[in-house]
Amino acid sequence: MIRWKAVLACAGAGVLLAGALPGTALASGTATDCCGGGASWATGNKSALGTSTTTASPVWFTVANGVTSEVFYPRADVPDMQDMQYVVTDGSSFVDLERDATNHVVTMPDEKALQYTVTNTAKSGKYRITTDYVTDPARSTLVTNTRFQSLDGGSYRLYLLANPSMAGGGSNDNAWWDSSGALMASGTETLFGGAATTVVSALRVSTGFAAHDNGYSGAASDCLADLRADQTLNNQFDAVSGTGNVVQCGQIPVGTDTTFTVALGYGGTAAAASSAASGSLGSGFSAVATSYRSGWNSYVGGLKPAPASVSGDTQRRRAYYVAAMALKTAEDKQHPGASVAGLATPWGDYTSGDQLNDGYHRVWGRDLYQQATGLLADGDSAQAKRMAQFLWTSQWIGSPTAGDGTTYPAGSFPRYSPVSGVTGASAQQLGCCEQLDQDADAILLAWLTGLTDASTYAKVKTTAGHLVATGPDTTERWEEQYGKSPSSVAAEIAGLIAAGAIARANGDTASATSWESTADSWRTSLAGWTVTTSGYWGGHTYYERLDRGGNPNDTATICFDEGCFYEHDVTDFGFLDLVRLGIRPAGDTTIANSVAPTAAASDGNSPVQVTLPNGDVYFHRYPHDNYGESTTSCTGWPAGGSRRFGRLWPVLSGERGEYELANGRSAAVYLKSMADSANDGYFVPEQVWDRADVGCFGLGRPTGSAGPLMWAEGQYLRLAQSMDAGHDLDTPSIVKARYGT
């Protein structure tokens, strides 16, 4: 690391005047120790997130580990902040970074609004920082209200430390001090459609900053490095010499009990960002928060009431309301219906933040369908229809289109896309590997939302023809293996039946008859393709996870990071979709006989089904899953290593609950399990820890995967409402009627 004196010698920067009080903004100049160390994103486990219900404020905030993590603007797939937090020092003996030096408590002032209060108490007992989060419904501003309290009567200095990663990355940013009292940052990145996108931020505080600094991350000009050297802010640079990974900080004058408001405004220009921050501060936190909360209260009030399955229990009820609001939050404001899979990068703290990493800030057709059916269950049919429209107007591929190492044919859907859809997206942004269940889900969602007009049907017809010509083999729903998968084939069958219904509505009975015939044939053949009678588990007869050759009793193998295994020894619960989608009756003998051996299947590490001491029931995706943390170090999946294992997925508890409900049995334990998995912000995560407590995770608690996973939030809403209805609300009636299930 370059020392501060060396920086001044080579920079000719302004020096701190002799006798100046520490923290007094006297020095100015330019930091020249370009360009800072590498950036990373934050953990995927978000304990708070939100945005206003208005389209006038395209800003989304997230909180992780007690502090602000990614902030998104102007789209739900463009993060502009790595993290923002406070630094506390007594000026002589310690320098505390808020994230690491405090214990965090997350609360909701109103369970029907995505407004969060984060209370961080110093582990030393010296101070407490309480921050309330909202966004301004009228402006592109994150607005926080913070109370700083000295708990031991000591005198402390407080600094706000911001780590911008503008326009999706931290390697090409600029930072400067505006004479009006704002810390400014900007970045330009080539994003979607090859367009250069510039984002500017303005950071203001109601008290004004008593001192400020702009520097490079990890270098001597970094204010945290400076403070840690001698507990005093010596550097007070007005600007940086060039673009790089910049950090900014400002001293906030505090006493023993001080409350202040911070506004982080965004815009395409410095003037727009500065105006947004100033306007929000001028409105005052109370007025902004009241408007923000009112918007959410109105939205929740327009949905179905919380069902009896959750209404009498605080944890389940709050998880329900938060699930509904999370799905609303996931929708982009420039592109209606484009809902991202999550406002997180799983294990983002192990993922480079130098350039845009899409993480889960992308639109998967499968996830969109799962979200939409949850919204239909809770009463938001308008957003569900916008999702269907997005699929058919923005994601549908009308002519061969390059993907990542593949070419998507006409009638297909990409693995995923930016919120702007296919147009202008690069091959990498569309991903590899078409998944036919996503094509089928789009057809199902069109039928479920009444999107059966002639224009849409012309596209549906192309897609249905493509399904018939290409299926049933496909890359399955976990995006890792190719072959005949019970869950994928179930979706394809249901999609073809829905396509037939749309065809009949448009007078095309010949196409309907043809597609229905194919669906019937695949339904008849599926057991022969994927039910083994020579498997290792239980009574040896059960559904496989997947079969490439359509012979479930041969010795073909399927390979994972830890080796290759017989296909007939690898299971998952995807076959339950045959019941959920109305293709097989709930009491189907082969399905029932597959449940126990699948639950017991193990990779020698842990069985697929795990019951916790409190009775909660969770499931691994399948044996030999490697998509998860290392057992030995708790590092994230992208970090690699030989001890990576997929952990327990709460969404699978919901799927099992729907199966039990279809059989007329109680699903209560599965709903409870999903609710119990939620983190402090009541978000249902992608994965929870599957073994004894370790330093980083506790048994049954969220890992560093995505939280919330919007797919899981949709599943939770469906199961809760279905339990009150007495049947699975997402079982397509058109499929159920055809197969008499």
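Predicted model: local features only at pLDDT ≥ 70, side-chain atom pairs only at ≥ 80, totals over all residues.
**Disulfides**

The structure holds five disulfides. Counted along the chain, the bonded cysteines follow the pattern 1-2, 3-4, 5-6, 7-8, 9-10. A disulfide is a covalent bond between the sulfur atoms of two cysteines.

| Disulfide | S to S distance | Torsion about S-S | Hand |
|---|---|---|---|
| Cys-34 to Cys-35 | 1.8 Å | 80 degrees | right-handed |
| Cys-432 to Cys-433 | 2.4 Å | -80 degrees | left-handed |

Which parts of the chain does the link of Cys-223 and Cys-249 bring together? Cys-223 belongs to helix α3 (residues 223-230), and Cys-249 to strand β17 (residues 246-252). The two cysteines are 26 residues apart, and the pair links distant parts of the chain. Cys-223 has a relative accessible area of 1%, so it is buried. Cys-249 is at 0% and therefore also counts as buried.

Cys-34 and Cys-35 are joined by a disulfide. Cys-34 is partly exposed, at 35% relative accessibility. Cys-35 is partly exposed as well, at 37%. The peptide bond from Cys-34 to Cys-35 is cis, with omega near 15 degrees. Cys-35 sits in the loop between β1 (30-31) and β2 (48-50).

Cys-432 and Cys-433 are likewise joined by a disulfide. Relative accessibility is 25% for Cys-432, which counts as partly exposed. Cys-433 has a relative accessible area of 28% and is partly exposed too.

**Strand β14 and its partners**

Is strand β14 (residues 196-205) largely enclosed or largely open? Seven of its 10 residues are buried, so the rest of the structure largely encloses β14. The strand has pairing partners in β13 and β18.

Strand β13 (residues 182-190) pairs with β14 in the antiparallel sense, over eight bridges. Within this pairing, Leu-183 stands opposite Leu-203 of β14. The hairpin of β13 and β14 has five residues between the strands. In that hairpin, Gly-193 takes a positive phi near 75 degrees.

Strand β18 (residues 257-267) also runs antiparallel to β14, and six bridges join the two. Here Ser-201 stands opposite Tyr-266 of β18.

**Thr-102**

Thr-102 is found in strand β7, which spans residues 102-107. Its relative accessibility is 2%, so Thr-102 counts as buried.

**Helix α18**

Helix α18 covers residues 668-677. Its buried residues are Tyr-670, Leu-671, Ser-673, Met-674, Ala-675 and Ser-677. Against which elements do the buried residues of α18 pack? The helices are α6 (308-311), α7 (314-329), α17 (650-662) and α19 (710-725). Strand β28 (617-619) is also among the elements they pack against.

Most residues other than glycine have a negative phi, and most peptide bonds are trans. Some sites in this model depart from that.

The peptide bond from Tyr-73 to Pro-74 is cis, with omega near -5 degrees. Pro-74 lies in the loop between β4 (67-72) and β5 (81-89). The bond from Cys-34 to Cys-35, described above, is cis too.

Trp-347 is not a glycine, yet has a positive phi of about 50 degrees. The residue is placed in the loop between α7 and α8 (365-378). Trp-347 has a relative accessible area of 2%, so it is buried.

Where is Tyr-682 placed? The residue is in the loop between α18 and α19. Tyr-682 has a positive phi of about 70 degrees, although it is not a glycine. Its relative accessible area is 14%, and Tyr-682 is therefore buried.

Definitions and conventions
Residues numbered from 1 in each chain as written. Heavy atoms only, no water. Helix = DSSP H or I, 4+ residues; strand = E, 2+ residues; numbered from the N terminus. Buried < 20%, exposed > 50% of the residue type's maximum accessible area, 1.4 Å probe, protein only. Disulfide = S-S within 2.5 Å. Pairing = 2+ DSSP bridges. Contact = heavy atoms within 4.5 Å.
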